[in-house]
Each structure stands twice: as structure tokens, then as C-alpha cells.
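Please look over the model shown here. A short briefing goes with it.

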Amino acid sequence: MASTRDIKRRIKSINNTRQITKAMQMVSAAKMKKAQVAALRTRYYANTALEVLGSIAENMQAEAHPLLNKREVKKILLILISPDKGLCGGLNSNLFKKALRFLDKAKKENKELDFLCVGKKGIDFSKKIGNIIAEYEKIGDKIKITDATSIAQIPIDYFTNAKYDQVSIIFTEYVSTLKQEVREQQILPFEKDKLLDMTKAGKKEEEKQEKEILEKSKADYLFEPSAKQILATLLPRLVDMQVFQAIVESNASEHSARMVAMQNASENAKDMIADLSFTYNQARQANITRELAEITAGAEALKK
Amino acid sequence: MSKLILEIISLDKQVFNDEVDSVVLPTEEGEIGILPKHIHLVTSLAPGEIKIRQGNEETVLACSGGFAQINPDKAIVLADAAEHAEEIDEQRAEEAMKKARETMAKKDIKKEEYAAAAADLRRSLARLKVVKKRKSKRAYR
């Protein structure tokens, strides 16, 4: 059995750890609330915007706008949105697992793949396995739509110049405090089926609504001033929106996951302290008993 | 009489969602009035006022550009920002207007900067117009 001093030292160190995890939990809880509100606030706009586009997509021809231009895919740009920090449970590893799968699939199909990373963890990860064309750090908590616009400008430009033939995004969607889901989404070129996919996942629509969208999409839309002009402003805006939404969702997921992870850690630390205190008391008791036994034995010996 | 469901969504929230008799939207090519059973239409919006009529009541919102999708039974407005008159900070709008004017008056100014300032100006003017309208209505009463 370990000596009482060793056990005492361990209890102290675990207590320190617990204080840290507890503090991190508090910080994350506060940030989580803000991030969740932010993610949900814009989700409605993003989804509606995608629905609107989905419903007019039927009437759009690929020539109408460069961002609709579907061509043979040779080079893919993957936008990887990740947290800046670790210590958030399985969030990062799930995210990177998905990214790796995506990369493997692209390699199998002989496509090249480059990364655009938002978040430090993603940058570290991508550096090991591929080429990064742009990276952003520490923007999750205070992102504004203008930040997303400047990030989204890169894929838009590259796609228009045909440097990349497909742009996809991988991020963690915020479902609830306890549940976050990694999602992969093609954002360029715009494809109708994939658009509907995204809106569906966003809020789990009922089938009825889905049908409604499909029905609407059959209608002939009038564009004012012209389809070309509308798409020219609408499409880049939607890319911005998607990037923005992905970042705020990731941010909400990160803080939720971290809060839960830290809560578990604090609880585990508490359990460990309880266990160790028990062992400590046992050891202490054993010591006392032993000493008593020694003293009485000594006294007995002197009597004779 | 049939009604039109109008949904106005700004970047951060749903601003309006109700049945209306008609709505006037500020498009890039001028104001258009939308009545129920309107033809399918997609249009982009310029900064200006959205006028909503429900019975005898008229609600005016300031809008700073965006898009609208119109179906016979439903109109969806995706605004960059849409505010009720009560929400508008008049002082801030006025300051923004002044600042935009100053920027535009400068000589050595880049094209993009000028365009951004012009857009700012239009937005603040739309806001101020909505506020003033509400004020004059109050005085009249």
C-alpha cells in the first residue's frame, strides 16, 4: 500500500486539476450560451436563403452564372472548419476522421485536394497531410458576416478561375449541447439536390414541406432586373452565408463539447478524490492500529 | 379577398411573419407593389422602405437591401437588415449619413470606397425616412 504521504500528494494534485477543469467548464458554459444563440439566430436566414435558391434552381442554367458551372472534377478545395483549441472531447478527432475519409475518397478518384483552414487545430492537422492555401485563426468567437465574406471570396475567386472544380466544406453542426454532428457539404458548384440536403439536415423538415419546395420549383420564375444580375449577387452571398453559418455552428459545437467534456472531467476528478480519500483514511487507520499494536506489544514485553 | 403571407427575415432574426393585404418592396428598379396572387418573381432589393398593408393599418420597415422571392400565396423577403421604425437609432443613422457624405466629398478616394460610402448613405437615408414618417404620423394624431 502506498504511503499516506504519497496518497495525500495525489489528492492535492487531482484537486488542482479539478479546479482547472471546473473553471474551464464555467468559461465554456458562458461562451456556449452566446455561441448557441448566434448559431440559431442566423440558421433560419441561411436555411431560407438556401430554400429560395433551391426553388429557383430548376430554372437556372449552368451558363447563367460561373458559380453554377459544373465541370469534371480534378481539383477540390476543402474548407475545414475546426476549433482553435483542444480539450473538447471527441469533437476534433471526429472532425478529422471525416476529413481523412474525404481525402481518401478524393485520392482514390484521382482528384487533387487542397485545404483552406479556419481554426488552429485544423491547420495543424492539414499541414501533415496536404497543402493549405489559406488559414485563419481565432475568429470563431467574434466572427462577423464581413469576416465570412472575405474568407468566402477565396473559394469564389478560385472556382471562377477554374483553379478548383469543386469546393466542399467540413464543419461540426450544432444539434444540441450534448450532440454535435460532423457534416460535409458541397458549396460550389451549386447543385440543387445538395442544396435541399443541407436545408433538410438543418432543421429536419417534414416531408410535406419538402414537397412544397419541389412543387414551387416547378413554377416559372420571373427575374427582375434579370436572372443573371440576381444570381450574380445572390450566389456569392449564399456562399458567404454558408461559410458564416458553418463557422458559427462549429463555434457553438466547440463550446458545447468542451463544456460537457470539462464537466465529465470535473466529475471524474471528484470520484477519484473520493476514492483516494478512502484509501488515505484506510492507510491512516492501518498506521494507527499498527502503532497501537506495537506499543501494547512493547508494554506487554516490559511487564514480564 | 385572398391574402398574402409575408415573411421578412433579416440576418439575425425573423422580423415579420403574417398575412397581409399588400406589400410595397423597394427593388433595384424602383418600388413594386405586391398583391396576393402575384406571379412568381425573384428580385433584388435596394435600400429603402418596405410598406406593409394589413386592412387599414400600414407598417413601415427600413430595409437595407436583400432579396425577395414572391409566390402567389407567399412572399419571402431576405433582407440584409430590416428594422421597425421603433428600433432605429435616429442619431446613429444621421451620423452614418454625415460620415458617408464626408467620405464621398473627398477627392482622392478609391472607387470601391466611394461605392461603399454611397451604399451607406442610401441605407442611412432609408432609415431616416422611416423614422421621420413615423414621427410625422404621431404629430398628426
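This is a predicted model: local features need pLDDT of at least 70, side-chain atom pairs count only at pLDDT 80 or more; totals for chains, interfaces and linings use all residues.

Residues are numbered from 1 along each chain as its sequence is written, while chains are lettered from A and ligands numbered from 1 in the order in which they are written.

**Overall fold**
- Chain A has seven helices and six strands; these are DSSP runs, with helices H or I of at least four residues and strands E of at least two, numbered from the N terminus.
- The element order from the N terminus is α-β-α-β-α-β-α-β-β-α-α-β-α.
- Of the 304 residues in chain A, 36% are buried (20 or more other C-beta atoms within 10 Å of the residue's own; exposed means 12 or fewer, partly exposed in between; C-beta atoms are placed from the backbone).

**Sheet**
- Five strands of chain A form an open sheet in the order 3-2-1-4-5, with mixed pairing; strands pair if DSSP finds at least two bridges between them.
- Strand 3 (131-136) and strand 5 (180-188) are the edges, each pairing on one side only.
- Strand 1 (residues 75-81) runs parallel to strand 2 (residues 112-118) over seven bridges.
- Within chain A, Lys75(A) faces Glu112(A) of strand 2.

**Positive phi in loops**
- Leu87(A), in the loop between strand 1 and helix 2 (91-108), has phi near 55°.
- Leu87(A) is partly exposed, with 15 other C-beta atoms within 10 Å.
- Asn110(A), in the loop between helix 2 and strand 2, has phi near 60°.
- Asn110(A) is exposed, because it has 8 C-beta neighbours inside 10 Å.
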